[in-house]
Amino acid sequence: MTWPSVFVAAIFAFIAAPVSSEAKSPHILFIVADDLGYHDLGFRGTRIKTPNLDQFAKEGVVLNQYYVQPVCTPSRASFLTGRYPIRYGLQHYVISSNKAEGLNLSETLLPQRLKEAGYMTHAIGKWHLGFYTWEHTPTFRGFDSFYGFYGGGEDYFTHMAGKGYDFRRDKQARCGEGCSQVEKEAKGGYSTTLFSEEAVSIVKAHDPSKPMFMYLAYQAVHSPREVPKSYITPYNNIIEDSERRTFAGMLACMDEGIGNLTSALKAKGMWDDTFLIFTADNGGPIKGSSRCHICGDNTGTENYPLRGGKHSLWEGGVRGTSLVHGKMVEKSAYVNEGLMHATDWFPTILSMLGLDPSPSGSLPLDGVNQWQLISQNQSSARTEVLLNIDRYHNVLGPGVSGGEGHAAIRRGNWKLCLGDPGPPDIWSMPVNASVAVSDVPYFRKPFIASWNSTVQLFDVVKDEREMNNVASANMDVVNSLLERLHEYNKTVSSDFHIWTRRSAI
């Protein structure tokens, strides 16, 4: 069977035994950790204490071949739309707070579909999908409430983003002008604690007979490196590096909040009916080389043993930490090695509920239903993942020639990188020399004229550190994957979606 036919079949296939329509629909807790590295949580063998997440990993399913996008906005869009960022122009970088940018309003988001199934929907924390108009804000996109900040980053205590204060409370659906409130009371409060407390408050006020979807997108552990000193003190004699020690406190505070939320769900009698998803939005930002103009957001994360980090298409930038937990998961307490992508959550959640992920007239999905993979440890419903195509990515800095554009795709064990995947691109040992573009026959068919770069191929199962470029010995694989990239490239939306029909909020 060809890949396209497998892809289509996977999207429309329902599992043999989804959650029964006669049973109570599960509560869904979707937790996003911002800029979490691959080697940060306790269960990875670190010195950082994350007992709650470690327990979920022990009891649930760790997704070990799970991919996200290299930076914040594209991954969040992937989670909520089930579609690759190349479809709506968010593949380049993050949404800027001072520009008219946002996730296209033609996209249907997961909470909108869940509302159709009777869910109460709440968003807490970081949005970062646009706020140029009220229509782009969370409560106009399927959420019944929102508490947090619209932008991409800010001070954890003052909540200042540049010269602006960014913290909102939107109490109801379509809460725009005259409804949305600037949450002045949050000033001085540590955002991780505030978001955890808000989540607990929502649970305490919730009617357990109604299904709830909570999208809890922590600011942690994104820069700046800030946390109350009480969370750093336990690591004074454990972690020598001061940056990693502060980072450990940030992560411990988030884990504590998740534990408090778990306790609230148990006290309310909701925990046994809760399906928990935990995911990073990209790899951890690490210190890069001098040629990296975007590597200043390191907070002390680690991606060992993977190469690279946030901003890059190396494994350290796009292979994310993720796990699931819940009594509706039939097979648990193991590490799953099936291929999965951030876009898969949308159809997987809807299929779990017995809903059609792609009803007539909807935009085609890139995500596939992975409920059998997650709940029964069956084979992945996908054979490949497009990691990105970015025609305008410039690793050398704005206006500097020679570093324009990159793309990457994984199929089975193979990962093809076109152009410069980084930076950051450091790892413990030197990589083999790259294959020149002129030596790759298929590449003579024009892709992007300015991509005067290299083609690299890795077997990321045998060589997850991406140390051995084996392109020259596997030209059939190289050309096959280049052909797939050409097919994807035909569908790329080149620019951010921009609106000018009304003034900014």
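Colleagues, the model is a predicted one, in which local features need pLDDT of at least 70, side-chain atom pairs count only at pLDDT 80 or more, and totals for chains, interfaces and linings use all residues. Residues are numbered from 1 along each chain as its sequence is written, and side-chain values use heavy atoms, with hydrogens and water left out.

I begin with the disulfide, meaning a pair of cysteine sulfur atoms within 2.5 Å. A disulfide is a covalent bond between the sulfur atoms of two cysteines. The whole structure holds 1 disulfide. Its partners are Cys175 and Cys179, with sulfur atoms 2.0 Å apart. The torsion about their S-S bond is about -100°, so this disulfide is left-handed. Are these cysteines buried or exposed? I use buried for under 20% relative accessible area, exposed for over 50%, and partly exposed for values in between, with a 1.4 Å probe and protein chains only. Cys175 is buried at 0%, and Cys179 is also buried, at 19%. Arg174 has a positive phi of about 55° although it is not a glycine. It sits in the loop between β7 (168-170) and β8 (181-182), and is exposed at 57% relative accessibility.

For the secondary structure, helices (H or I, at least four residues) and strands (E, at least two) are DSSP runs, numbered from the N terminus.

I turn next to a pair of helices. Two packed helices are described by the angle between their axes and the distance between the axes. Here the axes are lines fitted to C-alpha atoms, for helices over the stretch in contact, and angles run from 0 to 180 degrees between N-to-C directions. Helix α2 (residues 51-59) packs against helix α7 (residues 242-267) at an angle of about 65°, and their axes are 7 Å apart. Which residues make the contact, where contact means heavy atoms within 4.5 Å? From α2 they are Pro51, Asn52, Leu53 and Phe56, and from α7 they are Met254, Asp255, Glu256, Ile258, Gly259 and Thr262.

The next subject is Ser312, in the loop between β10 (274-280) and α8 (315-318). Ser312 is buried, with a relative accessible area of 0%. A polar atom of its side chain lies 2.7 Å from the backbone oxygen of Gly309. Leaving aside residues up to four places away in sequence, Ser312 touches Pro70, Gly317, Val318, Pro421, Gly422, Pro423 and Pro424. Among these residues, Gly422 and Pro423 are joined by a cis peptide bond, with omega about 0°. Pro423 belongs to the loop between β15 (414-419) and β16 (435-436). A cis peptide bond also runs from Tyr304 to Pro305, with omega near 5°, and Pro305 is in the loop between β10 and α8.

I close with two aspartates. Asp390, in strand β13 (residues 384-394), is buried at 2% relative accessible area. What does the side chain of Asp390 make a polar contact with? The partner is the side chain of His92, at 2.8 Å; a polar contact is a pair of N or O atoms within 3.5 Å, where within protein one must be able to donate a hydrogen and the other to accept it, and residues adjacent in sequence count only if both atoms are side-chain atoms. Asp35 lies in the loop between β1 (27-33) and α2. Its phi is near 65°, a positive value in a residue other than glycine, and Asp35 is buried at 0% relative accessibility.

Methods. Contact means heavy atoms within 4.5 Å.
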